Amino acid sequence: MLGARGAALARGLQVLTHSWRRDSRALALARAVSAPRAGHWQPSAGPGPRRRRLSLSAAAVVNSAPRPLQPYLRLMRLDKPIGTWLLYLPCTWSIGLAAEPGCFPDWYMLSLFGTGAVLMRGAGCTINDMWDRDYDKKVIRTASRPIAAGDISIFRSFIFLGGQLTLALGVLLCLNYYSIALGAASLLLVITYPLMKRITYWPQLALGLTFNWGALLGWSAVKGSCDPSVCLPLYFSGIMWTLIYDTIYAHQDKRDDALIGLKSTALRFRENTKQWLSGFGVAMLGALSLVGVNSGQTAPYYTALAAVGAHLAHQIYTLDIHRPEDCWDKFTSNRTLGLIFLLGIVLGNLQKEKKTDEAKKSIDSKIEK
């Protein structure tokens, strides 16, 4: 009798243990499911309105904008600012090179060109998406663009484009007359570039001619006119740079482009891409060296140029043209390259003041003797 009762008691305890473990696991699972996740809306610790984790990324800023505005911000690619950086950086190089020896670049000009870069890149994207709306629908990566997806009509796109160009004209009118004429001349390139992928395997060259116009405009905005010995090799180097990064970018879409009949340097170069990119890199570095010589640059400039060369070599050597995610990473890394070179220009220009002071002291000492 006691043995039977003991066995029954043991079975009862076992059932209670299993039940407790099952309930504990259920409670843990419920807590895990309800735990806060990064980037999701979460209630605050106490009563009151809900809060969202702060994020300074461009995509987060666009997503937090009023819903009716979001398609227009995406049409401008404000959620993907890398294109704006690549348009803006040649402007900053030119403005930095045009600064007086020992001085920082003109902050007013940098801010003015920054505003212009956002507006003109947005206008260029709007024109591009209007031209390519039928093609964008057939490519997975671009099918969600606002015009292709039907979020913005063609009529509204025209109105939006007019607004962007009007604001960009207002920025341009803040410059001298020479720069106004020079800036207006780039509008033809902005409008026709999107058509190039239909007729030539070199649309990246057309993009280079368009995106690096700031290499001419930045200098003229500061100096009043262009110095061909500095501006032309700087413009050429920017074109070579664009051929590098936009060919890498084009490898993301090469299969879709081939199917729908669009052309690119990625389809032109194919497995020989790295050899072509290496050639463009050598040409870019050679032209930037000439810029340094013609503008009287100092050691920091050439140190930065060496770093740019190392960055390009690593970028090209490690590139996997068959992995779209790697192509995107290499493409976006060019912002770092451009900032490194800008830093070299600024420090190199500040170094000129030291050399000038040393030269003056040497001359003064000779006069005293």
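Analyst: Contact here means heavy atoms within 4.5 Å. The model is predicted. Of the contacts in the chain with a separation of 6 or more, 72% are accounted for by residues 24 or more positions apart.

User: How many helices and how many strands does the chain have?

Analyst: The chain has 19 helices and zero strands. Buried residues make up 43% of its 369 residues.

User: Which residues have the most contacts inside the largest nonpolar core?

Analyst: A nonpolar core joins buried residues of the nonpolar kinds listed for it through side-chain atoms within 4.5 Å. The largest one in this chain has 64 residues, and those with the most contacts inside it are W93, L97, F113, W241, M284, Y301 and F341. Helix α13 (residues 228-250) supplies the largest share of this core, with twelve residues. Another core, of eleven residues, lies apart from it and includes M76, I147, L161 and V190.

User: What does F341 touch, if residues up to four places away in sequence are not counted?

Analyst: On that basis, F341 touches W93, L288, Y301, A304, L305 and V308.

User: Let us turn to pairs of helices. At what angle do α4 and α13 pack?

Analyst: The general idea is to take the angle between the N-to-C directions of the two axes, where a value over 145 degrees counts as roughly antiparallel. For α4 and α13 the angle is about 155°, and the axes are 11 Å apart. That makes α4 roughly antiparallel to α13. The crossing of α4 past α13 is right-handed. On the α4 side, L86, L89, P90, W93, S94 and L97 meet V230, L234, W241 and Y245 of α13. By class, the residues of this contact are nine nonpolar, one polar and no charged.

User: How do α11 and α13 cross?

Analyst: The axes of helix α11 (residues 203-211) and α13 come within 8 Å and cross at roughly 135°. The two helices are therefore oblique to each other. The crossing of α11 past α13 is right-handed. From α11, the contact takes in Q204, L205, L207, G208, L209 and F211, and from α13 it takes in Y235, I239, T242, L243, Y245, D246, T247 and A250. The contact of α11 with α13 has nine nonpolar, four polar and one charged residues.

User: Is helix α12 mostly covered or mostly uncovered?

Analyst: Helix α12 (residues 214-223) is mostly covered, with eight of its ten residues buried. Those residues are G214, A215, L216, L217, G218, W219, S220 and A221. What covers them includes α4 (82-98), α5 (107-131), α8 (177-184) and α13.

User: What are the angle and the axis distance for α8 and α12?

Analyst: α8 and α12 pack at about 165°, with axes 8 Å apart. They are therefore roughly antiparallel to each other, and their crossing is left-handed. Y178, S179, L182 and G183 of α8 and L216, L217, S220 and A221 of α12 make the contact. Its residues divide into five nonpolar, three polar and no charged.

User: Which residues have a positive phi although they are not glycines?

Analyst: Most residues other than glycine have a negative phi. R77 has a positive phi of about 65° although it is not a glycine, and R270 likewise has one of about 50°. R77 lies in the loop between α3 (70-75) and α4, and R270 in the loop between α15 (265-269) and α16 (273-294). At 9% relative accessibility R77 counts as buried, whereas R270 at 53% counts as exposed.

User: Finally, is A58 buried, partly exposed or exposed?

Analyst: A58 is found in helix α2 (residues 58-63) and, at 21% relative accessibility, counts as partly exposed. A58 and K80 are 22 residues apart in sequence, and their C-alpha atoms are 6.7 Å apart in space. Leaving aside neighbours within four places in sequence, A58 is in contact with L78, D79 and P81.

Methods
Residues are numbered from 1 along each chain as its sequence is written. This is a predicted model: local features need pLDDT of at least 70, side-chain atom pairs count only at pLDDT 80 or more; totals for chains, interfaces and linings use all residues. Side-chain values use heavy atoms; hydrogens and water are left out. Buried means under 20% relative accessible area, exposed over 50%, partly exposed in between (1.4 Å probe, protein chains only). Helices (H or I, at least four residues) and strands (E, at least two) are DSSP runs, numbered from the N terminus. Axes are lines fitted to C-alpha atoms, for helices over the stretch in contact, and angles run from 0 to 180 degrees between N-to-C directions. Angles under 35 degrees count as roughly parallel, over 145 as roughly antiparallel, 65 to 115 as roughly perpendicular and the rest as oblique. A crossing is left-handed if the near helix is turned anticlockwise from the far one by less than a right angle, and right-handed if clockwise. Ala, Val, Leu, Ile, Met, Phe, Trp, Tyr, Cys and Pro count as nonpolar, Asp, Glu, Lys and Arg as charged, and the others, Gly among them, as polar.
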